[in-house]
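Try each task yourself before reading its solution.

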Amino acid sequence: MVAVASHRHQEGARMYQKRPGVFMADWWDADGRRHRKQFTNAASAREHEHRETALAHAERATREMKLAARTGATKRSPAKTDTGTVQPAKGKLGVMIPGMGAVATTFVAGVEAIRKGLAMPIGSLTQMGTVRLGKRTDGRSPKVKEFVPLAGLDDLVFTGWDIFEDNMFEAASNAGVLDYRLLEQLKPFLSSITPRAAVFDHNYVKKIDGPNVKKGKTKMDLAEQLRDDIREFKKSSGASRLITMWCGSTESYIEPTEAHQSLKSFEKALRENDEMIAPSMIYAYASLMEGVPFANGAPNLTVDLPVMLDLSRKNEAPICGKDFKTGQTLMKTVLAPAFKARLLGLSGWYSTNILGNRDGEVLDDPGSFKTKEESKLGVLEHILQPGLYPELYGNMFHKVRINYYPPRGDNKEGWDNIDIFGWLGYPMQIKVDFLCRDSILAAPIVLDLVLFLDLAQRCSELRGLGIQEWLSFYFKSPMTVPGLYPEHDLFIQLMKLKNTLRHLKGEELITHLGLEYYD
Ligand SMILES: NC(=O)c1ccc[n+]([C@@H]2O[C@H](COP(=O)([O-])OP(=O)(O)OC[C@H]3O[C@@H](n4cnc5c(N)ncnc54)[C@H](O)[C@@H]3O)[C@@H](O)[C@H]2O)c1
């Protein structure tokens, strides 16, 4: 019997391959009875298993609610201890970063500065955030990192790939984000991280080119070389677990094609050098094949493809993306929910940015900009739901511009002009001028994603799910399973994240109902 995936859900569902062409799905219903069904392919068996698991969850939840209503009890999450559900974070965690540019170096230098006690992890939920447990009167608000077992900063080890040969000290100095005096104190450590040769093709990122690039006859050869790199890093660093975090440039816009639908077609496309396979997809494939979780900080499709979702589930390597939610979109996903909450209309939202770092230069190319534009534009439609509120949002004009302006370096300026209307249709305007630092906002996101993705892989309930939607909080364009629209509202995303942590630990979910205080 060959185990394809052992998705141990709460009810203990399981899918496995009995022999070639015969896949079995086992599941336990809400009464604890075991069922078994045979399928001819893995996808149908997995789909069946997920559906039955969801049904069992729903049936049990309904019963609990009925029971609670009868006995007058408050609904609690199913009684569960954390032991056996989340494995402890033992040993080193290896962080592998394709793209050792501004974001990657600000993150790695920041971790080292924090480890040395030179700075604080400001902006990081895993390091500074708390999670309220129980009632407001209980006074229980542990730090996130004390509540769930996360890897410690001292256990992080790093490697990366880049098309340029600069080590992390040189790359951080060139990026110009961090003060030279701080970088000098971190020099021996940062200089020791040198880039591995990248899988790169100028056709996907038109504005840059570099010498440190792998050679191979086919894209499959390149994938094999990346897999060798991953195995070598695991061995040489002594890491017990690995994570890949895409911090590479934004690639040209690509629509999913037949090549991205299944492992078979993707591997065929790799062997045939199909142009629909961008370099970032080759990193994603190599990581997932090695059972390594993958997060995508750029708006490229990369892991947002059926083949990657299948691979992620099969190899229990969680995935998430796309595009770090840092400056302007962070503000958008705070303001737009406020307008909708108060039923204020929106006639137009004009967003423009100037930035002068390499990311800005790459985005000056129309192909890369289109990828970014798609990611930034989706936000308002999803939050404001013009289909549900045609009078308020049916006619809004949304425009996003990014302009490369070298004098600003990494210090971006994002302007928003927002035209809203209120009672009786009277117009009003809001102007936002955010003078931010792109990589300073992105670095804590990278840290949290590394630690949470590693947590997900150590957690029996999350590791076989594929997409980790509870991490939408960190993304401009959050990935979801097909057919589900993403949640963009920052505070819904935060509630989802914290409730996921509470759920994993068998704590009561927080609904903010609060009637019990007035009984
Ligand atoms: N900083 C932010 O606020 C923010 C927010 C959202 C998304 N992002 C995205 O994060 C990514 C990194 O941003 P950045 O400011 O660090 O950019 P950057 O240009 O400083 O760094 C990107 C690095 O990736 C390298 N690279 C490109 N293709 C590669 C490949 N195939 N393999 C290995 N290396 C490759 C480049 O040589 C460069 O060093 C970009 O895609 C950007 O759009 C950044």
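Predicted model: local features only at pLDDT ≥ 70, side-chain atom pairs only at ≥ 80, totals over all residues.

**Exercise 1. Work out which residues and elements surround the ligand, and how the shell divides by residue type.**

Solution. 
- Step 1: Count the neighbours. The ligand has 30 residues around it, and the closest are Val103, Asp162, Val199, Gly248 and Tyr283.
- Step 2: Sort the shell by type.

**Exercise 2. Find how far the ligand's atoms lie from backbone atoms of Gly99, Ala102 and Asp438, then say what share of the ligand's area the protein buries.**

Solution. 
- Step 1: Begin with the ligand nitrogen. One such atom sits 3.5 Å from a backbone N or O of Gly99.
- Step 2: Move on to oxygen. A polar backbone atom of Ala102 is 2.9 Å from a ligand oxygen, and for a polar backbone atom of Asp438 the distance to a ligand oxygen is 3.2 Å.
- Step 3: Now the area. On its own the ligand would expose 840 Å², and the protein buries 98% of this.

**Exercise 3. Decide whether H10 is largely enclosed or open, and look at what follows the helix.**

Solution. 
- Step 1: Use the cut-off for buried, under 20% relative accessible area. Pro279, Ser280, Met281, Ile282, Tyr283, Ala284, Tyr285, Ala286, Ser287 and Leu288 of H10 pass it.
- Step 2: Draw the conclusion. Since 10 of the 11 H10 residues are buried, the helix is largely enclosed by the rest of the structure.
- Step 3: Step past the helix. Gly291 follows H10 and has a positive phi, near 75°.

**Exercise 4. Is Glu112 buried or exposed, and how far is Glu112 from Gln185 in sequence and in space?**

Solution. 
- Step 1: Glu112 belongs to helix H2.
- Step 2: Check its accessibility. At a relative accessible area of 10%, Glu112 is buried.
- Step 3: Compare the separations. Glu112 and Gln185 are 73 residues apart in sequence, while their C-alpha atoms are 9.8 Å apart in space.

**Exercise 5. Describe the surface patch that includes Met128, and classify Met128 itself.**

Solution. 
- Step 1: Pick out the members. Met120, Ile122 and Met128 make up a nonpolar surface patch, together showing about 330 Å² of accessible area.
- Step 2: Locate Met128. Helix H3 (residues 125-128) contains it.
- Step 3: Classify Met128. Its relative accessibility is 39%, so Met128 counts as partly exposed.

Terms used
Residues numbered from 1 in each chain as written. Heavy atoms only, no water. Patch = residues over 30% accessible without salt bridge, like charges linked within 9 Å, V, L, I, M, F, W, Y side chains within 5 Å. Areas by Shrake-Rupley, 256 points an atom, 1.4 Å probe, with all protein chains shown as cover. Salt bridge = Lys/Arg side-chain N within 4 Å of Asp/Glu carboxyl O. Helix = DSSP H or I, 4+ residues; strand = E, 2+ residues; numbered from the N terminus. Buried < 20%, exposed > 50% of the residue type's maximum accessible area, 1.4 Å probe, protein only. Near = heavy atom within 4 Å. Polar contact = N/O pair within 3.5 Å; in protein donor to acceptor, adjacent residues only side chain to side chain. Nonpolar A, V, L, I, M, F, W, Y, C, P; charged D, E, K, R; others polar.
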